[in-house]
Amino acid sequence: MTRALTGVVAALLVATVAAGCVRLPDDGPVNVTADQQDTTLDEGFPYVPQPPQPGETATEIVRHFLDAMTANPIQTSVAKQYLSTSARAAWNPERRMITYADATTPTGNTDVDVNLIEANQLDSRGVWGGPVPRKDARLTFPMTVEEDEWRIARAPNAMIVSDSWFASSYRQVSLYFFDPTGQILVPEPVFVPSGEQFATSLIRGLLRGPGNQLRGVSRSFIPKGLTLDLSVPVSSDGLAEVTLQGDISGLDPETVELMTVQIAWTLRQDPSVKRVRVTVGDTPITLAGEGPDFDVEIGQSYDPAGVYAYQDMFGLRGGRMVNSVNGKETRVSGPFGQRDYALGELSVDLAASEVAGVTRDRTALLLAPVAAETGRVARPIVSGATHLLHPAWDHADRLWVVDRTADGARISYVQGNRRVPVRVPGISGEDVVDFLVSRDGSRIVAAIDRPGSDIVVTSRVVRRDSSIRASRAHTIVRGAGEQLQIRDLGWRSPTEVAMISAVTDALSEVRTFSVDGSPDTELGDTPTELIRENVVRLVSSPNADRSAWVVATDGSVIELSPERDVSSPVLGIRSLTYVG
């Protein structure tokens, strides 16, 4: 069976300045004032586009209008001059963004047409929306004459820019919200301008909240109605001053703490920011033991990567569970370390207190303590299954289980003594090769076997009261003509997934991609690593401090991008795994 990998790689490879655009609906959820449309970006080569020149044809006006949107610093004042008076007042370019690899030359007169090639879209929040539908890949600009010169009578409410400009001008970051219980941060990837206004863009995005589409997935503890007073200046010694307008008099101390954690975690992505001062009105927010200025490293206990979790690896040696630390193994004192339960897979909870073991025939799942506890023995929690995949734990001690049945994947989670089925549209009933659940419990990622081309999809976990459901999964990795077979998935960060695929019998590939399916705008491509081995397993953690490993068919363990002084696990260890 052959499988193909998708095009998260393609979008930002072509550097083109040719004009282009797409037809998209002009209605949208957000209206932005004209003042907000002139955000500045003071990086790279400055570019000030020329305004309309006397005697330009209709096609030249459209071409130069599209070019004017690539100004650096970012501004739309010149682009507006290509619009008619009424179109200028109606145009709202911050409602969405369209990026394109290439475009056809504008054609026409009273109506000017442009076809866009390899177009992608982002919403008003900077959330990646993926490919523009093919039917919308043609934009028609109605033209009019004002003062004997051609002008655009109507323009789509969007910034329409080339991939190369977007890659050099925008950066993908995460806005940090919380899970519905307020126990762990949930990062939401967005793209923001990457210049001197970077910190300001981060806070403006955070203040908008996660949006209605993420209700039950993530929430903000920043009260609605708070607004940013102008910008977020960062001093030479790294102090970011966030001045907000609004009322927080009704907030309890715990909510204030969670609010400041969101601000700190979002701003820490700006390398120039070391400390933060938040002022609401004229009153600075103070935290116990911190004073008015607090470190961006606060709130480590809410880390979605789980730095509070157990950091070393576990595996099976001779059928018994061992702890693998820097190349040294110790048999655990719990039941799985004392006798052979015929296990083929291990999945350890984040605290390394409980371990779920999948039997070698993949029909049963056993649960036991990692360390010896009086009266505790291994007990079955799933039996009579068809083909259990590697289970996954989240921060709430939910153990997620996928059984590959003749009717497709059946998904459930085990918490305490309850096993609860969960239907995940787009994953349930499919031929699932592998699956992941994020440590914050908000995302499910699955590799699905499709004839001729595997895909990777993602779904969001929605929690309301005591019930859990999942959103319809959407594709983030799709076959793009390459005959590659997906072997395994693993987390590389809370918002990045690594994938192993087979190139040949002796060559494997590891690719890393964002959970939103967007390309890597800083590298211009999806990070890829080739390994001259037949790799069958990926061992990785969302914690960036942990090494990532791949396991070949001969049992050898290879570190990916070795940069740390860490010894490899001993040859022959099976079911090597981090917690989670």
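Two strands count as paired if DSSP finds at least two bridges between them. The model is predicted: local features need pLDDT of at least 70, side-chain atom pairs count only at pLDDT 80 or more, and totals for chains, interfaces and linings use all residues. Residues are numbered from 1 along each chain as its sequence is written, and side-chain values use heavy atoms, with hydrogens and water left out.

I then went through the pairs. Strand 1 (residues 96-100) runs parallel to strand 9 over four bridges, and M97 has M159 as its bridge partner in strand 9. Strand 1 is antiparallel to strand 5 (residues 120-123), also over four bridges; here R96 is partnered by D123. Strand 5 and strand 6 run antiparallel and are joined by three bridges, with P131 as the bridge partner of N120. Their hairpin has four residues between the strands, and G126 in this hairpin takes a positive phi near 85°.

**Sheet 19-18-17-40**

I noted another open sheet of four strands, in the order 19-18-17-40, with antiparallel pairing. Strand 19 (328-331) and strand 40 (574-577) are the edge strands, and each pairs on one side only. The average twist from one strand to the next is 30°. I checked strand 17 (residues 313-317) against strand 18 (residues 320-325): they pair in the antiparallel sense over five bridges. M313 has S324 as its bridge partner in strand 18.

**Helix 5**

I asked how many of the 10 residues of helix 5 are buried. The answer is eight, and helix 5 (residues 198-207) is mostly covered. Buried means under 20% relative accessible area, exposed over 50%, and partly exposed in between (1.4 Å probe, protein chains only). The buried residues are F198, A199, T200, S201, L202, I203, G205 and L206. Their cover includes strand 10 (170-178), strand 11 (185-193), strand 12 (227-228), strand 13 (239-245) and helix 6 (253-267). After helix 5 comes G209, with a positive phi near 80°.

**Aromatic rings and charges**

I counted rings of Phe, Tyr and Trp (its six-membered ring) as a pair if their centres lie within 6.5 Å; planes under 30 degrees apart are stacked, over 60 edge-to-face, and the rest tilted. The count comes to 12 aromatic pairs. One of them is W165 with Y170, a tilted pair at 6.1 Å centre to centre and 55° between the planes. W165 is buried at 8% relative accessible area, and Y170 is buried at 13%. W128, W165, F166, Y170 and F191 form one aromatic cluster.

I also looked for a charge over a ring (NZ of Lys or CZ of Arg within 6 Å of the ring centre and within 35 degrees of the ring normal). R268 lies over the face of W265, at 3.9 Å from the ring centre. R339 lies over the face of Y341, at 4.1 Å from the ring centre.

**Q75**

I placed Q75 in the loop between helix 1 (58-68) and helix 2 (77-80). Is Q75 buried or exposed? I found it buried, with a relative accessible area of 16%. A polar contact is a pair of N or O atoms within 3.5 Å; within protein, one must be able to donate a hydrogen and the other to accept it, and residues adjacent in sequence count only if both atoms are side-chain atoms. The side chains of Q75 and S77 make such a contact at 2.6 Å. The Q75 side chain also reaches the backbone nitrogen of V78 at 3.4 Å.

**S412**

S412 is in strand 26 (residues 408-415) and is buried, with a relative accessible area of 4%. Contact means heavy atoms within 4.5 Å. Leaving out residues up to four places away in sequence, S412 touches L399, W400, V401, R419, V420, P421 and V422. With R419 the contact is also polar, side chain to side chain, at 3.0 Å. The C-alpha atoms of S412 and V402, 10 residues apart along the chain, are separated by 6.6 Å.

Terms used
Helix = DSSP H or I, 4+ residues; strand = E, 2+ residues; numbered from the N terminus. Axes fitted to C-alpha atoms, helices over the stretch in contact; angles between N-to-C directions.
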